[in-house]
Amino acid sequence: MATPVIVDLYAAEAATGIKPGTIRQRLRRGKLTHHGYDHSGRALVDLRELLPNAALPVA
């Protein structure tokens with residue numbers, strides 16, 4: 001199983017072009033897995049779920 005790439009919604013937008021509001025809707029609807037919050041209270045998501053076919057480097 002691939003290692004998750006956990007980022008906040010704004011980093012996810014920078015990487016994918018998907019707006020944070022759209023990602024929040026997907027979280028509320030259960031289409032994405034919520035991975036908690038960062039120290040600033042921003043929701044965290046797995047970038048691999050947003051780009052399932054992308055070859056992301058493993059950190």
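Me: What share of the contacts in the protein chain with a separation of 6 or more comes from residues 24 or more positions apart?

Reply: Happy to start there. Residues 24 or more positions apart supply 49% of those contacts. Please keep in mind that this is a predicted model.

Me: How confident is the prediction, and where is confidence lowest and highest?

Reply: The mean pLDDT of the protein chain is 87, with 86% of its residues at 70 or more. Among the elements, helix 3 has the lowest mean, 91, and strand 2 the highest, 96.

Me: What makes up the secondary structure, and in which pattern along the sequence?

Reply: There are three helices and two strands. Along the sequence they follow the pattern β-α-α-β-α.

Me: What makes up the largest nonpolar core?

Reply: Eleven residues: V7, L9, A12, I18, I23, L27, L32, A43, V45, L47 and L50. Helix 1 (9-16), helix 2 (20-28) and helix 3 (47-50) each give two or more residues to this core. As a general background, nonpolar side chains tend to be buried together in soluble globular proteins.

Me: Why is I23 called buried?

Reply: The cut-off for buried is under 20% relative accessible area. I23, in helix 2, has a relative accessible area of 0%, so the label applies. Beyond residues up to four places away in sequence, I23 touches L9, A12, I18, L32, V45 and L50. The C-alpha atoms of I23 and L50 are separated by 8.7 Å, although the two are 27 residues apart along the chain.

Me: And why is L27 called buried?

Reply: The reasoning runs through that cut-off again: L27 has a relative accessible area of 16%, which is under 20%, so L27 counts as buried. L27 also lies in helix 2. Leaving aside neighbours within four places in sequence, L27 is in contact with L9, L32, T33, H34, A43 and V45.

Me: How do you know that the buried residues of helix 2 line one face of the helix?

Reply: The buried residues of helix 2 are P20, I23 and L27. Seen down the helix axis, they fall within an arc of 60°, so they line one face. What covers the buried residues of helix 2 includes helix 1, strand 2 (44-46) and helix 3. After helix 2 comes G30, with a positive phi near 80°.

Me: Why is A11 called partly exposed?

Reply: Partly exposed covers the range between the buried cut-off of 20% and the exposed cut-off of 50%. A11 is at 34% relative accessibility, so A11 belongs in that range. A11 has its place in helix 1. The C-alpha atoms of A11 and L47 are 9.0 Å apart, for a separation of 36 residues along the chain.

Me: What makes the contact between R42 and D8 a salt bridge?

Reply: The test is a side-chain nitrogen of Lys or Arg within 4 Å of a carboxyl oxygen of Asp or Glu. For R42 and D8 the N to O distance is 3.4 Å, which meets the test. This pair links distant parts of the chain, 34 residues apart: R42 is in the loop between helix 2 and strand 2, and D8 is in strand 1 (residues 6-8).

Note on methods
Residues numbered from 1 in each chain as written. Heavy atoms only, no water. Helix = DSSP H or I, 4+ residues; strand = E, 2+ residues; numbered from the N terminus. Contact = heavy atoms within 4.5 Å. Core = buried A, V, L, I, M, F, W, Y, C linked by side-chain atoms within 4.5 Å. Buried < 20%, exposed > 50% of the residue type's maximum accessible area, 1.4 Å probe, protein only. Arc of directions from axis to C-beta. pLDDT = per-residue confidence, 0-100.
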